[in-house]
Amino acid sequence: MKACLVPLHALIFLVLIKMAVFEASMLKIQMWDGDWITTIYQAVTMASKAALAARLAALKEKRKEAAEENHKQVVEEDRVSKLPKGYERKLANAEWEREDAAKRKAAEEAGKDYDRIKAMNMTVDRAERWVAKRTHKNVDESIDTSTHAYAQLQQYKQLSKKMKPDVRHYQASMEDVDDDGADSLRHGSHQPTAAAIDAMVTNLEATIAKKEARKKKTRLDRATHQDTDVDAINDKNRNFNRSLERFYGSYSKEIKDSLERGTAL
């Protein structure tokens with residue numbers, strides 16, 4: 001028995017006729033004799049309009065949802081823009097501090113060392129960043145920070161940051177330059193303003209006052225520690241020794257007393 005092959009366009013035409021008849025029956029369209037083609041066309045047209053209307057309604061619903069979502073994002077961006085600078089970071093830090101305090105309290109209640117637990121859970125990358133931050137590894141080790149030139153450079157950077165350039169005065173001075181151009185050097189041609197002179201005098205007076213206060217503190221410290229044993233070479237070393245005494249004094253007291261008495265350890 002041979003299979004009957006039906007062309008594809010014939011199948012499509014038959015499906016359309018069945019859909020039209022079904023739509024006509026649903027819409028109660030009368031089918032007159034001799035006018036069945038018009039009836040089928042009306043049914044197909046009404047079905048297409050219904051499908052387009054449903055699609056349009058779906059698109060309107062999506063547009064409404066997109067408008068609502070866009071409005072929510074605009075409101076959120078406006079709220080974030082009105083917050084103080086660094087608010088999100090401060091809020092995250094405060095939340096981390098609260099969680100850290102809760103974990104520390106739970107560890108203390110359990111009789112455990114929270115710092116040790118925290119160190120054991122720290123990753124290698126985080127530990128390296130923490131060490132680099134504490135030891136200032138980013139500083140160029142080839143620079144000698146104990147010289148007067150380095151101190152002078154740091155002071156120059158601090159003074160430069162405090163300076164506020166006067167653009168109007170600079171432009172006016174550029175207009176007064178002769179035909180030689182701005183690259184010409186004329187010694188003694190620059191005339192500083194009264195405000196610049198006052199700022200320089202104020203800065204010098206503040207520097208002198210700071211030096212005098214430092215000298216006065218040094219003399220007071222020498223007078224205070226005159227009757228005590230000399231166990232430091234400067235104030236920084238004295239403060240370091242105080243820190244050592246505060247943390248380890250109770251453990252080294254017996255050894256120190258034995259050394260002072262000259263008895264055997």
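Me: Where do Arg98 and Glu95 sit relative to each other in helix H3?

Reply: This is a predicted model. Arg98 and Glu95 are three residues apart in helix H3 (residues 87-109), so about one helical turn separates them.

Me: What forms between Arg98 and Glu95?

Reply: Start with the general idea. Side chains of opposite charge can pair when their charged atoms come close. Here Arg98 makes a salt bridge with Glu95. Their closest N and O atoms are 2.4 Å apart. Glu95 is partly exposed, because its relative accessible area is 35%.

Me: Which residue meets Lys118 in a salt bridge?

Reply: The partner is Asp100, at 3.6 Å from N to O. Lys118 belongs to helix H4 (residues 114-120) and Asp100 to helix H3, so this pair ties together parts 18 residues apart in sequence.

Me: Is Asp100 buried or exposed?

Reply: Buried means under 20% relative accessible area. Asp100 has 12%, so it counts as buried. Lys118 has 26%, so it is partly exposed.

Me: How many salt bridges are there?

Reply: The count is seven. Among them is the bridge between Lys256 and Glu245, at 3.0 Å from N to O. Lys256 is partly exposed at 38% relative accessibility. Glu245 is partly exposed too, at 43%.

Me: Which residues form the negative surface patch?

Reply: A patch joins like charges within 9 Å, taken from residues with over 30% relative accessible area and no salt bridge. In this chain, Glu61, Glu65, Glu68 and Glu69 form the negative one. Take Glu68 as a case. Glu68 lies in helix H2 (residues 36-81). Its relative accessibility is 42%, so Glu68 is partly exposed.

Me: Which residues gather in the patch of positive charge?

Reply: They are Lys162, Lys210, Lys211, Arg214, Lys215, Lys216 and Arg219. Helix H8 (residues 194-224) gives the largest share, six residues. Lys162 is placed in helix H6 (residues 148-162). Lys162 is exposed, because its relative accessible area is 64%.

Me: How many helices and strands does the chain have?

Reply: Nine helices and zero strands. From the N terminus on, the order reads α-α-α-α-α-α-α-α-α.

Me: What share of the chain is buried?

Reply: Of the 265 residues, 5% are buried. The chain exposes about 25,100 Å². Carbon and sulfur atoms supply 58% of that area.

Me: What share of the contacts joins residues 24 or more positions apart?

Reply: Count the contacts with a separation of 6 or more. Residues 24 or more positions apart account for 15% of them.

How values were computed. Residues numbered from 1 in each chain as written. Predicted model: local features only at pLDDT ≥ 70, side-chain atom pairs only at ≥ 80, totals over all residues. Heavy atoms only, no water. Patch = residues over 30% accessible without salt bridge, like charges linked within 9 Å, V, L, I, M, F, W, Y side chains within 5 Å. Areas by Shrake-Rupley, 256 points an atom, 1.4 Å probe, with all protein chains shown as cover. Salt bridge = Lys/Arg side-chain N within 4 Å of Asp/Glu carboxyl O. Lys, Arg positive; Asp, Glu negative; His and termini not counted. Charge placed at Lys NZ, Arg CZ, Asp CG, Glu CD. Helix = DSSP H or I, 4+ residues; strand = E, 2+ residues; numbered from the N terminus. Buried < 20%, exposed > 50% of the residue type's maximum accessible area, 1.4 Å probe, protein only. Contact = heavy atoms within 4.5 Å.
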